[in-house]
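Please look over the sequence and the model shown here before reading the report.

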Amino acid sequence: MGLPTLPQDLTFENQHILVTGSNTGIGLELARVFLRRKAKVFYLVVRSIERGNAAIAQLRQDAIIAKENPNAEIKLYQCDQGSFESVFTFIQKLKNEVAGLNTVVLNAGVSNFSFVTTVEGWESNFHVNYFGTVLLALELLPLLKEGQKNGIKSHLLFTSSDMHNKAKINVAQLLADDVNIIEYFKTEKNHSWDPSQPYSISKLLLTMFTEELALHEKDVIITSGCPGLVRTELDRGLPLWLKGPVLLMRILIGREILKSAETLIQSAITDQTGTYWSDGVIHPHAAVITTRDGKRLQTKLYEQTLQKCKELDSGIQLK
Ligand SMILES: NC(=O)c1ccc[n+]([C@@H]2O[C@H](COP(=O)([O-])OP(=O)(O)OC[C@H]3O[C@@H](n4cnc5c(N)ncnc54)[C@H](OP(=O)(O)O)[C@@H]3O)[C@@H](O)[C@H]2O)c1
């Protein structure tokens, strides 16, 4: 069965849209789709200003954007999700300059197969894909609420991955009273010997948090989705011996990048909050999340993540 396509007349006219990791790969393609479909202001949030400017040059050369949306504003912001200081500097600047947002796609991510830590000392997949992403989400929620117009809710989409189904976590261990999940993932010995696991686990945690956040925050439509297998720069963090076979797989069975972006956008235009999307349709959550202990873990993860984020910024209002 083919992938569902976006309605031809779908437009983001008058919308303020923010996408992280939008200098390359799926994020840049999302920028193209949103701008071709008339987004009024596009916030390109990137780790490197130089790469961000190169992306803007590409978007400005896009003939469809030039024809359909010649007056679009593209604004560039710097944010490294692996650094609290960078996240808070970005958020402060954004809040000073922006009154409201209609759609946010938290898309930036890494796939590191070696144990690399961020400046704050967390394993990089965990910090960038989960903790840094969630911190950004909590900081951006007030702007998304401000962005609601005429009763039309704003959307918050997390780019997850079907790889979250492959995550192997020890639910009983994580549920133990003396375990703080955020601290647990700081310790190298708590990471699996399997180098593909930190990425899968980071996306599982992200998907769990999304579902729980949607139960607590009803004013914004909150979803997570997988763009499908696609050739991007994501494999930068893979060991050399694995890059060849993975590239071959992406060439043989990967999808076109436009299809990936459009597939994801299906989950940014739905009114069904708390859902997980794959191939452009709603999919069940990973089996582990649906068990009784999985649900308890989801609640614990939400509470401990929220607490940690509030320790970093006491202004976060969510309960
Ligand atoms: N490609 C796939 O097959 C696939 C499948 C499922 C899910 N995904 C997900 O799709 C999302 C986009 O990935 P992609 O495939 O487009 O990969 P990509 O081409 O490598 O793009 C990743 C983006 O994330 C940014 N990023 C990395 N580390 C960051 C940090 N510490 N702070 C802020 N931004 C950071 C990168 O910035 P720089 O360019 O500066 O490094 C880049 O803009 C990711 O969340 C990924 O997990 C991808």
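The report below covers the sheet, the helices packed on it and the surroundings of the ligand.

This is a predicted model, in which local features need pLDDT of at least 70 and side-chain atom pairs count only at pLDDT 80 or more, while totals for chains, interfaces and linings use all residues. Residues are numbered from 1 along each chain as its sequence is written.

Eight strands form an open sheet with mixed pairing in the order 3-2-1-4-5-6-7-8, where strands are DSSP runs of E with at least two residues, helices are runs of H or I with at least four, and both are numbered from the N terminus; two strands pair if DSSP finds at least two bridges between them. Strand 3 (73-78) and strand 8 (281-283) are the edge strands, each pairing on one side only.

| Helix | Strands touched | Direction |
|---|---|---|
| Helix 2 (residues 49-60) | strand 2 and strand 3 | about 165 degrees with strand 3 |
| Helix 5 | strand 1, strand 4, strand 5 and strand 6 | about 175 degrees with strand 4 |

Helix 5 (residues 124-146) also packs with helix 8 (residues 197-216), at an angle of about 15 degrees and with the axes 8 Å apart. That makes helix 5 roughly parallel to helix 8, a term for angles under 35 degrees.

The ligand is surrounded by 28 residues, the closest being G21, G25, A108, G109 and T232, where near means a C-beta atom, placed from the backbone, within 6 Å. Helix 1 (residues 25-36) gives the most to this shell, with three residues.

Note on methods
Axes are lines fitted to C-alpha atoms, for helices over the stretch in contact, and angles run from 0 to 180 degrees between N-to-C directions. Angles under 35 degrees count as roughly parallel, over 145 as roughly antiparallel, 65 to 115 as roughly perpendicular and the rest as oblique. Two residues are in contact if their C-beta atoms, placed from the backbone, lie within 7 Å.
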